[in-house]
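I opened a new model today and wanted to see how its inside is put together. My notes follow the structure.

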Amino acid sequence: MEGKLAVIYFSPTHTSRTTALAVAEGMAELGAEALDIDLTKPEARADFSLELAEGDVAVIGYPVYAGRVPRVLAELLANVKGGGAAAVPVAVYGNRDFDDALVEMADLLDDAGFAVVAAGAFVGEHSFSRLVGTDRPDAADVEAAVAFGAAVAAKLGAGERSAPELRGNRPYTEYRADLPFTPATTDACTDCGVCAHVCPMAAIDPVDVRRVDERCISCCACVKACPEAAKTYADTPIDGMAHLLQENCAVRREPETFL
Ligand SMILES: Cc1cc2nc3c(=O)[nH]c(=O)nc-3n(C[C@H](O)[C@H](O)[C@H](O)COP(=O)(O)O)c2cc1C
Ligand code: SF4
Ligand code: SF4
């Protein structure tokens with residue numbers, strides 16, 4: 001294949017990244033030049049724009065937030081020109097459900113000038129709890145993602161570009177992911193600065209990591225990355241949500257793909 005394979009992702013706790021890259025790995029037989037476009041950090045999003053063309057393919061990996069596409073990523077797609085390139089949304093959700101996150105992304109990509117040819121919903125460890133979808137994507141998830149990528153490559157190789165029938169509703173469920181909660185910092189903090197470094201919204205003051213501002217999107221990257229377990233959502237409604245998820249979303253869900 002002459003064109004590019006752009007792997008575009010926003011992935012605060014890395015599960016969407018792992019999954020999108022596995023899908024792209026499965027598409028290796030296309031022989032396309034791969035572009036790794038990580039939009040997680042603010043500096044990568046500043047002045048971001050991308051223009052693709054008809055012979056290109058884009059894999060877009062993202063977490064499901066309250067059944068939707070994270071707003072920060074949805075807004076960035078206004079800076080992308082698909083130019084008729086094929087697109088493959090890869091939604092990663094925390095073992096509850098992906099609701100309308102695939103149809104919303106398909107619509108965003110359609111508006112940006114892409115042809116959506118396939119889509120997949122995969123599972124990642126829940127941002128709010130290590131006990132929901134623990135350690136996913138695991139080996140079986142990665143294998144499924146690679147196999148999905150290979151199936152997409154076969155479809156494209158056969159010259160097929162039909163739009164898949166996706167699961168999800170329009171109008172989409174209301175966007176309820178702008179949660180007004182910021183993580184606290186306990187006395188275990190050693191001021192190592194890791195949390196400020198990983199925050200995708202630059203919401204943590206690198207000079208005083210106890211200060212977290214309203215740009216926080218509750219992605220939990222800081223909570224999961226803190227080597228001292230000092231960044232925490234304990235005693236906030238997010239902790240309550242985590243307990244509800246542990247009770248209600250314990251049964252393992254499997255990847256769903258649409259071709
Ligand atoms: C604000 C917020 C809302 C979320 N909403 C959902 C949801 O509606 N359904 C679900 O199954 N998981 C939900 N999750 C969990 C993430 O989709 C999941 O953990 C994903 O693997 C995180 O991706 P990342 O590792 O790329 O950040 C939510 C996470 C956050 C932070
Ligand atoms: S990562 Fe944890 S220990 Fe390091 S500065 Fe942040 S809160 Fe403190
Ligand atoms: S401060 Fe908020 S946005 Fe930043 S990493 Fe922590 S939870 Fe995510």
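These entries go from a central strand to the cores and then to a helix.

Ground rules first: this is a predicted model, where local features need pLDDT of at least 70, side-chain atom pairs count only at pLDDT 80 or more, and totals for chains, interfaces and linings use all residues. Residues are numbered from 1 along each chain as written, chains are lettered from A and ligands numbered from 1 in written order, and side-chain values use heavy atoms, without hydrogens and water.

Entry 1. I looked up strand E4 (57-63); strands (E, at least two residues) and helices (H or I, at least four) are DSSP runs numbered from the N terminus. Seven of its seven residues are buried, so E4 is largely enclosed by the rest of the structure. Buried means under 20% relative accessible area with a 1.4 Å probe, protein chains only. Val57, Val59, Gly61 and Pro63 point one way, and Ala58, Ile60 and Tyr62 the other.

Entry 2. I checked the neighbours of E4. Pairing takes at least two DSSP bridges. Val7 has Val59 as its bridge partner; Tyr62 stands opposite Ala91.

Entry 3. Which residues touch the most other members of the largest nonpolar core? They are Ile60, Tyr62, Leu102 and Phe114, in a core of 61 residues. Such a core joins buried Ala, Val, Leu, Ile, Met, Phe, Trp, Tyr and Cys through side-chain atoms within 4.5 Å. H4 gives the largest share, six residues.

Entry 4. I turned to H1. Its buried residues include Thr15, Ala20 and Val23.

Technical notes. Buried < 20%, exposed > 50% of the residue type's maximum accessible area, 1.4 Å probe, protein only. Contact = heavy atoms within 4.5 Å.
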